[in-house]
Amino acid sequence: MLPQVVKLKGIALDFFFPRWCVGCGREGSFICDSCRRLLPRLSPPVCPRCGKPQPSGILCPSCIGRQVQIDGIRSPFRFDSVIRQAIHQLKYQNLRALAAPLAKLMSDYLASNPLPGEILVPVPLHRKRLRERGYNQSSLLAKELGSITKLPVTDDCLVRRRYTPPQARTTTVDERHNNVLDAFACRDQRLKGKEVLLIDDVSTSGATLNACAAALKASGATTVWGLVLAREV
Ligand SMILES: [Zn+2]
Ligand SMILES: [Zn+2]
């Protein structure tokens, strides 16, 4: 375990702005200059739908023939190295202050890779999961991103109505899509006619984002894109 983790363990971590690099533990900033150079950036060409690296820049094999509701998913980073560590700390070690610098990385990406979206909607947690964790990391990211981009955030319309256990690594993409089907719903028609940008921390198969998009479109959203901090490729 890194020394700074030992030092901070057991106290209210979210009151502290991260002063140690999440990658190497060096004191100074949340990602030091040398770790920043090693950020696992996802660069084009990518599949226009799911955003995974795809040499030709055309639909990847797993998107061909798949009917989806999400218009597209983009991510600045692979779920790897320093980004993976940062997300882990944001999510499981109560280091909520990481949401601001991580959202800044997402806004930097958006500035050079604009996506359709007039309103930010975080992927919701089921209320049982929210009670366990105490906060929704995607909601924190969306709020920070909203304050940087000046886009409004709506985090009380889309809800997760079905509790789904974490997906096993062995499940296929089809199984993942089926497992979350109908897991989400909109409480009201507030997002009708809106261009929605869904926000999440990590995406694996895109199944969760797609299920959210299905619920949003069923209640009238015109476009739904997904922006995730990192994705597994
Ligand atoms: Zn570092
Ligand atoms: Zn694809």
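This is a predicted model: local features need pLDDT of at least 70, side-chain atom pairs count only at pLDDT 80 or more; totals for chains, interfaces and linings use all residues.
Residues are numbered from 1 along each chain as its sequence is written, with chains lettered from A and ligands numbered from 1 in the order in which they are written. Local features need pLDDT of at least 70 and side-chain atom pairs count only at pLDDT 80 or more, while totals for chains, interfaces and linings use all residues; side-chain values use heavy atoms, with hydrogens and water left out.

The protein has eight helices and seven strands, these being DSSP runs numbered from the N terminus (helices H or I, at least four residues; strands E, at least two). Its radius of gyration is 17 Å, close to the 17 Å given by the globule rule for 233 residues, so the protein is as compact as a globular protein of that length. The radius is taken over C-alpha atoms, and the rule is 2.2 Å times the number of residues to the power 0.38. The C-alpha trace spans about 50 × 40 × 40 Å along its principal axes. Buried residues account for 49% of the 233 residues (buried, under 20% relative accessible area; exposed, over 50%; partly exposed, in between; 1.4 Å probe, protein chains only).

Zinc ion (ligand 1) is coordinated by the SG atoms of Cys-21, Cys-24, Cys-32 and Cys-35 at 2.2 to 2.3 Å. Donors are N, O and S atoms within 2.8 Å of the metal (3.2 Å for Na, K and Ca); water is not among the atoms, so sites may look incomplete. The angles among the four donor atoms are 106 to 115 degrees, and the site is tetrahedral (four donors, all angles between 85 and 135 degrees). The donor residues follow the spacing C-x2-C-x7-C-x2-C. Cys-21 and Cys-32, 11 residues apart, are both placed in the loop between helix H1 (3-8) and helix H2 (33-37), and both are buried.

At the zinc ion (ligand 2), the SG atoms of Cys-47, Cys-50, Cys-60 and Cys-63 coordinate at 2.3 Å. The arrangement is tetrahedral because the four donor atoms subtend angles of 107 to 116 degrees. Here the sequence spacing is C-x2-C-x9-C-x2-C. Cys-60 is buried at a relative accessible area of 5%, as is Cys-63 at 8%.

Strand E3 (residues 119-122) directs Ile-119 and Val-121 one way and Leu-120 and Pro-122 the other way, and all are buried. In a regular strand the side chains alternate between the two faces of the sheet. E3 pairs in the parallel sense with strand E6 (residues 195-203) over four bridges, where pairing requires at least two DSSP bridges. Ile-199 in E6 is the bridge partner of Pro-122.

Several backbone features lie in loops. The peptide bond from Pro-44 to Pro-45 is cis, with omega near 5 degrees, and Pro-45 is located in the loop between H2 and strand E1 (72-74). Lys-150, not a glycine, has a positive phi of about 65 degrees; this residue lies between helix H6 (137-149) and strand E4 (158-160) and is exposed, with a relative accessible area of 68%. Asp-182 likewise has a positive phi, near 65 degrees, in the loop between helix H7 (173-180) and strand E5 (184-186), and is exposed at 53%.

Lys-128 lies over the face of Tyr-163, at 4.5 Å from the ring centre (NZ of Lys or CZ of Arg within 6 Å of the ring centre and within 35 degrees of the ring normal).

Definitions and conventions. Four donors count as tetrahedral if all angles lie between 85 and 135 degrees; four count as square planar and six as octahedral if opposite donors are over 155 degrees apart and all others between 65 and 115; anything else is irregular.
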